Amino acid sequence: MAEITAALDETGANKLLDTAIGILPPQSKSGSGSLGPFVASYGVTASLTNGDIDLIPPDIIRIVDLRLDWSLSLSFGFDLSSILPDFCLPRVCVNIPCVGKVCTPKICIDWPTITIPVSFSDFVKATGDFKLDIRLVGNVWKVQALIVGLPNLPFGATTALLLVAIGAAATPILLAIPFIGPFLAIAVNAILLVIGIAGVTGFLGPILTPFISGLKIPIYEQPKLFPVLPSEGPVDPQVDITIDLVTAMVAHNGAEDELVLTADVSP
Amino acid sequence: MQNTLDSRALHRADYYGQRFMKAGNFSYDVVPAGGVAISSDRPFSVKVREGKAKGEMNQHNVVVTWHDGKFRAAPAALTVDTGDMVMWNCNQRDAMTLAVIGDQEFFNSSRLKNESGYSHAFGLPGEYRWVDAHGSKTSGMVTVKDPGCKNEAQLKRWRKTLEEGILVMINDGKVEPSSVEIDVGQTVFFLVVNGPGISITDARVVEYSRGDTGKAEGDRSSAKASAR
C-alpha cells in the first residue's frame, strides 16, 4: 500500500493554523443571562486569532494565547427602588404675607424602573489543547482540530472594566431621573455593588466560554479521489489515485516535534 | 417619573391650592390633565361656611388617588371656612397627571385665577423659563442648581435646604420675584393673587405644543386679551 506523508514543524503548524483560524468567520449569539441579581439580555460577536503552537506528542496541538476578541451589547432593567431607599421631600412651608403659612406635606417618591444598555468590547486569551479529528464525509477527507476540555477564560481586568462601563452607561440614565441628582454617585455605586466582580464573571463566563469550548478548526480537506496526472488527450485520460485512509499524529523527530499527516493511497 | 413644570398637568411633586373667599358649595372633579373641557361630572365638593375673621387662613389637604382609570378625592366632601386654603395632590406612582376643575371660573387648576396656587418641587437641574400657556405675558425664571454633594455632610445640608420653600407671588401679571435660584429638590410655591387665569408652564412645553396645534390657541388668547 503506497503512502504519502507530510510533516510540519511548529513554525509550519503555526502558519497553517494562522490561516485556518483566520478564515473562521466571526461568531454571534444572543440570549439572556444573570448579571448579579439582574437578568440581562445580550448580543455578542466574537472572532479568534491564533496564538503560539506547541506540538505535544502523541496527538496534542496546544495553542497558547489563543485570542478571542469579543464585542458585547447588553441591556438590563430593574426597579431602582429595589436597591435604593425611597426619597422623601420634606414638608415645605411658605409664609404668605398678611395671610399665613401654607405647607406641602412630606411627599415620598419611589424610584422608577430603569433599563441600562451597555456596549463593551475586549479580548481574552486562553490556552487550549486540540486533537486532530479525521473523517471521511461523503467522498471528502476532512481534518479538523477539536478542542479538548474546557479552558478557563481569565477575565481579570475585563470584569472591572465592564463594571466601569456599566457605571458610565447608568450615569446619563440616572441623571434624567428627577431628584436623584444629589444621590447619583450613591446610585451608581449601589448598582455596581449589587452586580460586583462575581456578577460580571458569572455573566461573561457562560456567554464567552462556548466560543472556545466547542471550537472546531478546519485544517485540511481533500477529495478521496486525487488527480495525480492531467489528461493529455483522448487516449491519455487523467490519472487518479484514491486516498484510502488519512491519519495524523504529533511525532517527536530529533530536536523537533512535528505534525505528521499520512495518507494511504491506491490506484 | 414626570417632573414637568406645568400647572395644567399636576403630578406627584405638585400641589394645586385654592383659597375659598366666599361661602357656598363648590363641587368639582379631578380629571386627567387635558380633560378639563370635557368633564361635566362634579362628584366631589368643598362646602365653604362663613367663618372666622377676614384674612385668617387654615389649610386643608385633599388626597387624590387613581384607581380603575378614575381619580378619587379624599375627603370627597370637605367643609372649610371662608378664607381657608384647600390643597390637592396625588402622590401615586402610576397615576396620570391631573387637573382639578370646578364649575366656578376661579376654581380650575389649569387656569390659576384668584387666591390660588401651584407648588412644584424641581427634580432636575437647569434653567426653567416659565410662561403662561394661555397667552398672557406673565413669565418668570427658576434656576435649579445641582447641589454637587460629595459627602454625607453635604447631603445633609442639602436635605435641610429642601425644607425651605420659595414663594413667587403673581398679581395682575406682576411676578415677584421674577427670577429665583434654588437647589434640586426645592419647592417653589407660585401664588396667584389675582389674574386672568394663567398657567405656570415650562416655556419649552409651550414652544413644543405651538409646533403642533397650540400656536393658534395661544394667539387667540392674546387677541382676546387685547380686545378686552
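# Briefing on a two-chain predicted model

Thr242(A) is partly exposed, because 13 other C-beta atoms lie within 10 Å of its own; with C-beta atoms placed from the backbone, 20 or more such neighbours within 10 Å make a residue buried, 12 or fewer make it exposed, and counts in between make it partly exposed. This is a predicted model, in which local features need pLDDT of at least 70 and side-chain atom pairs count only at pLDDT 80 or more, whereas totals for chains, interfaces and linings use all residues. Residues are numbered from 1 along each chain as its sequence is written, while chains are lettered from A and ligands numbered from 1 in the order in which they are written.

**Chain A**

- Chain A contains three helices and 15 strands, where helices (H or I, at least four residues) and strands (E, at least two) are DSSP runs numbered from the N terminus.
- The radius of gyration of chain A is 30 Å, whereas a compact globule of 267 residues would have one near 18 Å; the radius is taken over C-alpha atoms, and the globule rule is 2.2 Å times the number of residues to the power 0.38.
- Taken along the principal axes, the C-alpha atoms of chain A fill a box of roughly 120 × 45 × 20 Å, and 27% of the 267 residues are buried.
- Among the contacts of chain A between residues at least 6 apart in sequence, 65% join residues at least 24 apart, a contact being two residues whose C-beta atoms, placed from the backbone, lie within 7 Å.
- Thr242(A) belongs to strand β14 (residues 239-253) of chain A and, leaving aside neighbours within four places in sequence, is in contact with Lys224(A), Leu225(A), Val265(A) and Ser266(A).
- Thr242(A) and Thr45(A) are 197 residues apart along the chain, and their C-alpha atoms are separated by 41 Å.

**Chain B**

- Chain B contains two helices and 16 strands, and its radius of gyration of 18 Å is close to the 17 Å that the globule rule gives for 228 residues, so chain B is as compact as a globular protein of that length.
- The C-alpha trace of chain B spans about 50 × 40 × 40 Å along its principal axes, and 39% of the 228 residues count as buried.
- Of the contacts in chain B with a separation of 6 or more, 70% are between residues 24 or more positions apart.

**Strand pairing in chain B**

- An open sheet of four strands runs in the order β14-β11-β10-β16 (chain B) with mixed pairing, two strands being paired if DSSP finds at least two bridges between them.
- Strands β14 (179-183) and β16 (201-202) of chain B each have a single partner strand and stand at the edges, so one side of each is left without a neighbour in the sheet.
- Strand β10 (residues 126-131) of chain B pairs with β16(B) in the antiparallel sense over two bridges, and Thr201(B) in β16(B) is the bridge partner of Val131(B).
- Strand β3 (residues 44-49) of chain B has a covered face made of Phe44(B), Val46(B) and Val48(B), and an uncovered face made of Ser45(B), Lys47(B) and Arg49(B).
- β3(B) pairs with strand β2 (residues 24-32) of chain B in the antiparallel sense over five bridges, with Ser27(B) opposite Ser45(B).
- β3(B) also runs parallel to strand β6 (residues 77-81) of chain B, joined by five bridges, and Val80(B) in β6(B) is the bridge partner of Val48(B).
- Arg72(B), in strand β5 (residues 70-74) of chain B, is partly exposed, because 15 other C-beta atoms lie within 10 Å.
- Not counting residues up to four places away in sequence, Arg72(B) touches Thr65(B) and His67(B).

**Interface and nonpolar core**

- In the interface, 33 residues of chain B are in contact with 21 residues of chain A.
- On the side of chain B that touches chain A, at least two residues each come from β1 (14-20), β4 (59-67), β9 (116-121), α1 (152-161) and β15 (187-194) of chain B.
- By class, that side of chain B has 17 nonpolar, twelve polar and four charged residues; Ala, Val, Leu, Ile, Met, Phe, Trp, Tyr, Cys and Pro count as nonpolar, Asp, Glu, Lys and Arg as charged, and the others, Gly among them, as polar.
- The largest nonpolar core has 110 residues, and those with the most contacts inside it are Ile61(A), Leu208(A), Val30(B), Val64(B), Leu98(B) and Phe190(B); such a core is a set of buried Ala, Val, Leu, Ile, Met, Phe, Trp, Tyr and Cys residues joined through C-beta atoms within 7 Å.
- Helix α3 (residues 184-213) of chain A gives the most to this core, with nine residues.
- Not counting residues up to four places away in sequence, Leu98(B) touches Leu10(B), Val30(B), Val31(B), Pro32(B), Ala33(B), Val64(B), Phe71(B) and Cys90(B).
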